[in-house]
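Good morning. Please have a look at the model on the screen, and keep it open while I talk.

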Amino acid sequence: MQFDIIGDIHGCLEELLELLEKLHYRQEKGEYFHPEGNKIVFIGDLTDRGPNSIAVIKLVYQLVVEQKIAYYVPGNHCNKLYRYFLGNQVQEKHGLETTVAEWKKLNESQKKNIQEKFIALYENAPLYLYFEDLQLVVAHAGIKENLIGQMNSRTKTFVLYGDVTGQTDHQGRPVRRDWAKHYRGEPWIVYGHTPVLEPRQINRTINIDTGCVFGNKLTAFQFPKQTIISVPSKQPFQPDRFTDFTDV
């Protein structure tokens, strides 16, 4: 089995379609297929900030639920949108406001359809994927070795938000420990969540959130052959959004 693991999309539909084409996925009668039977893995944070979050939801739902040629694990932005669609009180900021604005422009039937699709997608997704035979874990913000196999609240917080300290930096963003630097496990951990200019590979971990929504690129990591495939972003470049781990 060859997996094409795709980093944080954040509503960047055009870049996603371009990346799928570059990965040799083809369309026939509206359905996608790969000539060699590859499967896609979406690493979470499908929506928010980018221009086409609703269309991304539709496409991912098609690939995961209808066609079953893809897997999906949720990110923190997915979790927030899920809670919004359930009717919970969540703050419409940090990108959620863009998805909500798109959704509110739809007619009532379309709104219900998107709401139902996303809720189904989220509720049927595992917290993270562990392919034990391949020694591969896909988790939105990563996972520590001692949490692999667990599904408790501590694991959920780590998988969705990373190794947070509870503090914020000068820009108001959560301070996270560099867990990957200390990882010594055997399984490969493929994750995103923290935007980096280039995929960061260290100790059998790789961060593939290359900040497409912040103007850099959208990246896929092919496993097990360990190839990196990227397409350039069409969004404005925001250099202050990226983490340089030499400073962590």
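First, the ground rules. This is a predicted model, where local features need pLDDT of at least 70 and side-chain atom pairs count only at pLDDT 80 or more, while totals for chains, interfaces and linings use all residues. Residues are numbered from 1 along each chain as its sequence is written, and side-chain values use heavy atoms, with hydrogens and water left out.

Let us start with the sheet. Strands of a sheet pair through backbone hydrogen bonds, either parallel or antiparallel. Here an open sheet of five strands has the order 5-4-1-13-14, and its pairing is mixed. At the edges are strand 5 (70–72) and strand 14 (227–232), each of which pairs on one side only. On average, neighbouring strands of this sheet are turned by 20° against each other, with direction ignored. As for the terms, helices (H or I, at least four residues) and strands (E, at least two) are DSSP runs, numbered from the N terminus. Two strands pair if DSSP finds at least two bridges between them.

How many bridges join strand 1 to strand 4? There are four, between residues 3–6 and residues 39–42, and the two strands run parallel. Ile6 stands opposite Phe42 in strand 4.

Next, the helices. Helix 1 (residues 13–22) packs against helix 2 (residues 53–66) at an angle of about 35°, and their axes are 9 Å apart. Axes are lines fitted to C-alpha atoms, for helices over the stretch in contact, and angles run from 0 to 180 degrees between N-to-C directions. From helix 1, Leu13, Leu16, Leu17 and Leu20 meet Ala55, Val56 and Leu59 of helix 2; contact means heavy atoms within 4.5 Å. The residues of this contact divide into seven nonpolar, no polar and no charged. Ala, Val, Leu, Ile, Met, Phe, Trp, Tyr, Cys and Pro count as nonpolar, Asp, Glu, Lys and Arg as charged, and the others, Gly among them, as polar.

Now the backbone details. A cis peptide bond joins Phe223 and Pro224, with omega about 15°. Pro224 sits in the loop between strand 13 (217–223) and strand 14.

Asp48, in the loop between strand 4 and helix 2, is not a glycine, yet its phi is positive, near 85°. Is Asp48 buried or exposed? Asp48 is buried, at a relative accessible area of 0%; buried means under 20%, exposed over 50%, and partly exposed in between (1.4 Å probe, protein chains only).
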